[in-house]
Amino acid sequence: MNKVKKVVLAYSGGLDTSAIIPWLKENYDNCEVIAFCADVGQGEEELIGLEKKALSSGASEYHLVDLKEEFVSDYIYPTIATNAVYEGTYLLGTAMARPIIAKAQVEFALQVGADALCHGCTGKGNDQIRFESCFAALAPQLRVIAPWREWDLVSREDLLNYLSKRHIKTSATSTKIYSRDANVWHISHEGGALENPNNAPCKDVWTLTVDPLQAPDKEEYVHLHIENSRVTKIDGVALSPYQALILLNNKAAKHGIGRIDIVENRTIGMKSRGCYETPGGTVMVTALRAIDELVHDKLSRCWRDKIGQEFAHLVYDGRWFTPLCESLLAASESLASYVNGEVVIRLYKGQAVAVKKDSINSLYSETFATFGDDNVYDQSHAEGFIRLYSLSSRIRKLNESAKKQFK
């Protein structure tokens with residue numbers, strides 16, 4: 001059962017994965033453990049010293065892969081193009097990052113001839129499902145090891161004692177207040193006092209954005225150029241997807257934009273409370289919706305909303321590498337081809353508001369919509385339309401009247 005020669009571990013350098021390295025070696029016949037780290041924009045400070053920490057914990061090597069640009073262009077941009085928002089609020093920051101990390105981890109494992117993959121996700125969360133669903137779709141022949149579902153360590157104190165007995169140094173302490181996950185799109189905060197939904201978030205919860213109450217008293221305007229539901233220019237300057245997001249993060253964070261506090265339904269059935277900060281992403285989503293309003297007719301917007309809802313659940317539940325994902329993305333891209341234009345967003349006191357919007361594909365016509373005099377719309381035509389539109393209601397009522405006459 002425990003005959004494993006080489007394991008590639010999704011490594012963050014935190015307390016859990018620091019303990020997992022020696023645990024794997026002890027419980028899987030002194031197997032080789034390679035620490036695999038993916039840079040998805042969590043910040044340079046999060047990556048400093050990881051190689052030394054991994055090797056001192058017993059890893060045979062440390063491998064870091066830069067996924068920042070690919071993450072934004074191939075995962076974030078397609079997702080927001082679908083209009084995906086989980087349960088009406090969550091912009092899927094953690095969920096979107098898991099498939100690209102899992103894919104890179106699998107590719108590296110196959111490259112080095114590993115026979116097992118490992119992650120540090122708990123048995124209560126969504127991430128175990130996301131990672132392992134991707135593993136199953138990409139490399140079902142590789143064994144998956146999930147220590148939190150196997151070992152008897154149940155607390156931070158247990159992990160710290162485990163490392164101490166093995167003389168493995170760690171900067172972690174027994175008083176970790178919040179569980180956080182960061183990437184270029186957002187940062188999430190869970191645990192601690194947040195586990196009680198009746199507790200308001202303390203000021204020390206938020207780390208990325210300014211308190212909206214303390215944000216500048218003067219608004220700021222940012223001009224976004226949209227092509228096929230992608231932000232390609234900001235204030236007239238062409239930027240890569242990653243560069244665009246970084247710039248918007250900086251602009252929006254100082255205005256306190258992108259904070260949410262929600263109780264969400266996890267895939268496994270329980271509810272969890274989380275606080276999320278998505279400053280630049282909130283601006284992007286606002287801009288895309290502004291162009292959507294101009295270019296899509298009623299039925300197209302309804303279909304786009306359905307695609308977005310389906311895709312939000314797909315991403316949240318870890319089903320990126322599936323035929324359904326390919327189908328939904330294809331449908332989304334068909335609609336996204338019309339989403340081109342210019343949007344001006346006002347940033348002020350926690351709010352991102354589209355104040356100007358224009359598109360070459362706009363279906364809005366001032367000539368038709370005006371409340372003033374016009375020569376293109378004959379209002380008398382509305383009578384016939386309304387009679388046909390309400391025909392079924394008219395027939396139903398006439399039938400009811402006829403039935404009463406026969407009684």
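Which element gives the largest share of the lining of the second largest cavity, and how many residues does that element give?

Modeller: Helix α5 does, with three residues. A helix here is a DSSP run of H or I, at least four residues, numbered from the N terminus. The model is predicted, so local features need pLDDT of at least 70 and side-chain atom pairs 80 or more, while totals for chains, interfaces and linings use all residues. Residues count from 1 along each chain, and side-chain values use heavy atoms, without hydrogens or water.

Now the space itself. A cavity is a set of points on a 1 Å grid where a 1.4 Å probe fits but cannot get out; lining residues have an atom within 4 Å of a point. Ala95, Arg98, Pro99, Arg130, Cys134, Val315, Gly318, Arg319 and Trp320 form this lining. Two elements, α5 (93–112) and α6 (127–138), each give two or more of these residues. By class, five lining residues are nonpolar, one is polar and three are charged. Ala, Val, Leu, Ile, Met, Phe, Trp, Tyr, Cys and Pro count as nonpolar, Asp, Glu, Lys and Arg as charged, and the others as polar.

For context, the model has two cavities of 30 Å³ or more. The largest cavity has about 50 Å³. Helix α9 (residues 279–295) gives the most to that lining, four residues. Among the residues lining the largest cavity are Ile80, Asn83, Leu288 and Arg304. The lining of the largest cavity has five nonpolar, one polar and three charged residues.

Conventions
1 Å grid on protein atoms, 1.4 Å probe; cavity = no way out; pocket = protein on both sides within 12 Å on 5 of 7 lines; lining within 4 Å. Points joined across faces, edges and corners; volume = space filled by probe spheres on them.
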